Amino acid sequence: MPYQPGLHLLTTVYSPRIDLLQHSSCWKTFIQEQIDQHQLTAVGHNIHDFPGGGFTAVHCLTESHVSIHTWPEYGLCTCDVFLSNFRKNNDLITEAIMQEILRFFEATRHESHSLRR
C-alpha cells in the first residue's frame with residue numbers, strides 16, 4: 001500500500017477561558033474523551049503545569065499525536081493535531097478534534113495552518 005500523507009493542523013486559539021488555560025486538569029478529561037470517542041490508541045503522554053499558571057502537554061497516539069501549550073497571561077494556546085492515514089483516512093477525525101478544541105476553549109478567534117505529511 002502506498003504512503004498516504006495525513007493531515008496536520010496547527011492552530012493558535014484565543015480564549016476568554018483563562019481558567020481552562022491556567023491548569024491542565026480539565027484538559028486531561030477533555031482530551032481523553034476525544035481519544036476514546038474517536039477510537040484512537042494512546043501510547044503515552046506528558047503533561048506539565050507551570051508554577052504561576054499555564055501548562056504544556058503531548059499525547060502520543062499510534063496514529064501520531066495531539067499537543068498543546070497554553071499562555072493564560074495572553075489568553076491563548078497553541079495546539080496541533082496530527083493523525084496519519086496509515087490504516088485508514090483520519091482527516092475527518094483530525095478536523096473534528098480541532099473543532100472540539102475550539103469549542104472547549106470557547107475560542108473567540110483562531111489562526112490555523114494545515115500540512116500534508
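This is a predicted model: local features need pLDDT of at least 70, side-chain atom pairs count only at pLDDT 80 or more; totals for chains, interfaces and linings use all residues.

Now select helix α2, residues 25-37, together with helix α3, residues 91-104. Their axes come within 11 Å and cross at roughly 150 degrees, so α2 is roughly antiparallel to α3. Which hand does the crossing of α2 and α3 have? It's right-handed. To see where they touch, show the side chains of Cys26, Trp27, Phe30 and Gln34 on α2, and of Ile97, Glu100, Ile101 and Phe104 on α3. Sorted by class, that contact has six nonpolar residues, one polar and one charged.

Next, jump to serine 15, in the loop between β1 (7-14) and α1 (18-22). Is serine 15 buried or exposed? Its relative accessibility is 6%, so it counts as buried. A polar atom of its side chain sits 2.9 Å from the backbone nitrogen of arginine 17. Leaving aside neighbours within four places in sequence, serine 15 is in contact with Leu21, Gly75, Phe105 and Thr108.

Last stop: serine 112, in strand β6 (residues 109-116). At 42% relative accessibility, serine 112 counts as partly exposed. Setting aside neighbours within four places in sequence, you'll find Leu10 and Thr11 in contact with serine 112. Zoom in on threonine 11: its side chain makes a polar contact with that of serine 112, at 2.9 Å.

Notes:
Residues are numbered from 1 along each chain as its sequence is written. Side-chain values use heavy atoms; hydrogens and water are left out. Helices (H or I, at least four residues) and strands (E, at least two) are DSSP runs, numbered from the N terminus. Buried means under 20% relative accessible area, exposed over 50%, partly exposed in between (1.4 Å probe, protein chains only). A polar contact is a pair of N or O atoms within 3.5 Å; within protein, one must be able to donate a hydrogen and the other to accept it, and residues adjacent in sequence count only if both atoms are side-chain atoms. Contact means heavy atoms within 4.5 Å. Axes are lines fitted to C-alpha atoms, for helices over the stretch in contact, and angles run from 0 to 180 degrees between N-to-C directions. Angles under 35 degrees count as roughly parallel, over 145 as roughly antiparallel, 65 to 115 as roughly perpendicular and the rest as oblique. A crossing is left-handed if the near helix is turned anticlockwise from the far one by less than a right angle, and right-handed if clockwise. Ala, Val, Leu, Ile, Met, Phe, Trp, Tyr, Cys and Pro count as nonpolar, Asp, Glu, Lys and Arg as charged, and the others, Gly among them, as polar.
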